[in-house]
Amino acid sequence: MKFFRQSLIVLSSILASLLSFVGSANSDGHGEFKLGVVTFLSGPAAEPFGVPAWNGGKLFIKLLNEGKAPAPYNKKGFGGMKITAIPIDESGGATKQVQEFRNLVQRDKVDAVLGYVSSGDCMAIPSVADELQALTVLYDCGTPRVFEDASYKYVFRTAAHAAMDNIAIAKYLIEKGHDISSIAGINQNYAWGKDSWKDFSVSIKKLSPNSEIKNELFPKIFSGQYGTEISALLNSKAKVVHSSLWGGDLQSFILQAKPRGFFKRTQVVFSAGDHVMPGLGNKYPEGVILGARGQYGMMAPDTALNNWFYKAYMDEYGVFPAQPPYRMVQGLMGLKMAIEKAMDNNGGKRPNKDQIAEAFTGLEFEAPGGLVQMKLGNGHQAIQPHAIGKTAKDKDGNIVVTDIVRYKASCVNPPNGIKAVDWINAGFPGADC
Amino acid sequence: MIDELLTIFLDGAIYASWLFIVALGLTFVFGVLKILNIAHGGIYALGAYSTATLVPIFYSLGVPEQFVILTMLISALAVAIVITPIMERGILRRFYGQDEVLIVLVTYAIYLVLEDVQKLIWGMNSLYVSEPRELLGALEFGSLYYVGYDLALIGLAIFCGLFLWLVLNKTKSGKIVLAVIHNPEISGCMGVNINKVYLAAFFVGAFLAALAGSFTAPLISVQVGISVAVVIESFAVVIIGGLGSIPGAVIGALIIGMARAACVHKLPEAEIFIMYLCMAGMLIFRPKGLFQGTQARKI
């Protein structure tokens, strides 16, 4: 019996060693890169944001591991290391996410975490990330405050913050000669909605000082019923109505407002209005000015990298990619470029997190949505080009985005060291349009 | 000024009607079974999903458009027929007479299960079924257009409330239910089949929840998570009106609907907490709600 037990222990040890050898030897012998991916996989933000983002992320990770992505992303995995993703559901609030983050870093021993759609989570995670010295890439959330109010060593955001969306829309309205003598807004009552409205209304007042604010509505997030708000906005007779509503709230608002002639009576602008287009299809109203939080989806540039990603996503899922998958892929591309740059600096050997963080700081990389430059937050916060367009029906009656105006990153993003709202208030000094 | 008052009244009435239909089932189930059914929101969502599934099939069959309302009623009925035996007979019956907190936790657990059932059956994608909302066109009130379907919700709410009140107060079956509400033990001794009354009452509650979801589906994007706000708001209505009271639900829904509409139009900053203010005020000054009468102490 004793002999049997000892044999079993020896056999298990040999098997474990073999397995660990196989694990470390995969993907060109460079080992494995464990990546925690956090996004909404349940709850109201899952369908419009989390699920399509993770679909894009899954697809891109698969293509990277197979070495099928185009240059400069054609090296397998991350610098030859096979990417093993551990997806985590972002729902449940910031307290739960901090715990999930600790689990990923301390229990699952991930090499990096890529995630977070919610601005609340993006405000809560960075201090914990620096405390645990865990490399963290924020791929989606919009609040400018992450790097405006603090600085972090191991945290990076690979997408522009929300100020860009609203500054660009204000500029678009002026350039296209729209009547902005009066404005109104309907935005959700939390950081994203409040910041979006502030950036938009202050930009408009700066560009057109005589413009009058008629109505500012902040319904609670996920309220779903907007009949009263629609009446109040129509009663205000504002020439332009701004909204940063997203997901189910935006879909419900459109469905409730359209039969009441809302989109014919006022010029509506949606700062992040593209992501519900795949779902709503031709129920999406004509004549809406919208942004996609970058040059994404129907407003993506005609480049080889974008055309490759757009087609790969369409082929896999049968629907065009809107902003969420673009932004997750952008995050993965930034991380890959930083790791491979750090690897080069390290003589081709696997870099540690400090070396990756150093390489990430101030990095520039091409993404499907254009050139991403880590220029703000002392090299930790990205800026990127932007595009604004207007919905119209094509000859087949399908809703498309036309009249697209593209903005350079330096035209709609503040310079390093200046808060977005201060930059707007100062009249966009140094903007390179 | 008149225009604005009319707008506030109409917006408030439409919102109150929707709230009332949702809260009616909740308050009725509490009145009869003494169960605070958190799963009510889950049944509401199932009603919305079933309508979003059945209505496109209805349109594909080429049946005259007017019958779409019938399809919505059938989908609500189907949900109630499926869910009632599972919930009432299968689960809740085992907990009658137990601590109220335990029963609330059981219904919360069922609510979570129903959320997952929605994901299992319909996935994470949103469903849209806005076509029935175009059925009644739009009407002009002052300077604004209102969708006929939204205004018809007021009629539906009045019908549901009146019908339930009449059945309870003017029919033999209704009087049996009232007897069970007053004293289930004595009613049982008098030959009333309590289990059947409970089953029927739960069925009515589930049908009303599913009906509310079914008629809300054309207004919204039907997706996972739509029931959260519904649970909170319908609880606020029954707390203000008094748990188990139909007139209370009417008044509760009207108070919240009108207060919310007035806030959105005249004081938007207050909109987010006006419902909680009404609820808190009621809990301070009349903890049992407007229509909860004094209860005799049993010896």
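1. Leaving aside neighbours within four places in sequence, B:Leu26 is in contact with B:Asn37, B:His40, B:Gly205, B:Ser234 and B:Val238, where contact requires C-beta atoms, placed from the backbone, to lie within 7 Å. B:Leu26 belongs to helix α1 (residues 2-33) of chain B; helices (H or I, at least four residues) and strands (E, at least two) are DSSP runs numbered from the N terminus. B:Leu26 is buried because 30 other C-beta atoms lie within 10 Å. A residue is termed buried at 20 or more other C-beta atoms within 10 Å of its own, exposed at 12 or fewer, and partly exposed in between, with C-beta atoms placed from the backbone. From B:Leu26 to B:Glu185 there are 159 residues in sequence and 23 Å in space, C-alpha to C-alpha.

2. On provenance and confidence, this is a predicted model in which local features need pLDDT of at least 70 and side-chain atom pairs count only at pLDDT 80 or more, whereas totals for chains, interfaces and linings use all residues. Residues are numbered from 1 along each chain as its sequence is written, and chains are lettered from A and ligands numbered from 1 in the order in which they are written. The pLDDT, the predictor's confidence in each residue from 0 to 100, averages 91 in chain A, with 93% of the residues scoring at least 70. In residues 15-28 of chain A, however, the pLDDT is below 50, and this stretch has 12 contacts in the model beyond near neighbours in sequence.

3. The interface between the chains brings 34 residues of chain A into contact with 33 residues of chain B. On the chain A side, at least two residues each are supplied by α2 (46-66), β7 (212-217), α8 (227-236), α9 (247-257) and α11 (277-280). The largest share, 7 residues, comes from α8(A). By residue class, the side of chain A that touches chain B comprises 12 nonpolar, 16 polar and 6 charged residues. Here Ala, Val, Leu, Ile, Met, Phe, Trp, Tyr, Cys and Pro count as nonpolar, Asp, Glu, Lys and Arg as charged, and the others, Gly among them, as polar.

4. Chain A is divided into domain 1 (11-161 + 302-383) and domain 2 (163-297 + 385-425), with bounds from an automatic or database domain assignment. Taken over C-alpha atoms, the centres of these two domains of chain A are 29 Å apart. Contacts between them involve 28 residues of domain 1 of chain A and 26 residues of domain 2 of chain A. Two or more residues of the domain 1 side come from each of α2, α4 (119-131), α13 (323-345) and β12 (370-376) of chain A. The most, 5 residues, are given by β12(A). That side of domain 1 of chain A divides into 16 nonpolar, 10 polar and 2 charged residues.

5. Strand β6 (residues 182-186) of chain A has 4 of its 5 residues buried, so β6(A) is largely enclosed by the rest of the structure. Its parallel partners include β7(A), joined by 5 bridges; two strands pair if DSSP finds at least two bridges between them. Within this pairing, A:Ser182 is bridged to A:Glu212.

6. Antiparallel pairing is found between strand β10 (residues 289-291) and strand β14 (residues 386-393) of chain A, over 3 bridges, with A:Ile289 partnered by A:Lys390.

7. The peptide bond from A:Ala71 to A:Pro72 is cis, with omega near 5°; A:Pro72 is in the loop between α2 and β2 (82-89) of chain A. A:Arg293, a residue other than glycine, has a positive phi near 65° and is found in the loop between β10 and α12 (304-317) of chain A. A:Arg293 counts as buried, with 30 C-beta neighbours inside 10 Å. B:Lys34, also other than glycine, has a positive phi near 60° and lies in the loop between α1 and α2 (40-60) of chain B. B:Lys34 counts as partly exposed, with 15 C-beta neighbours inside 10 Å.

Methods
Two residues are in contact if their C-beta atoms, placed from the backbone, lie within 7 Å.
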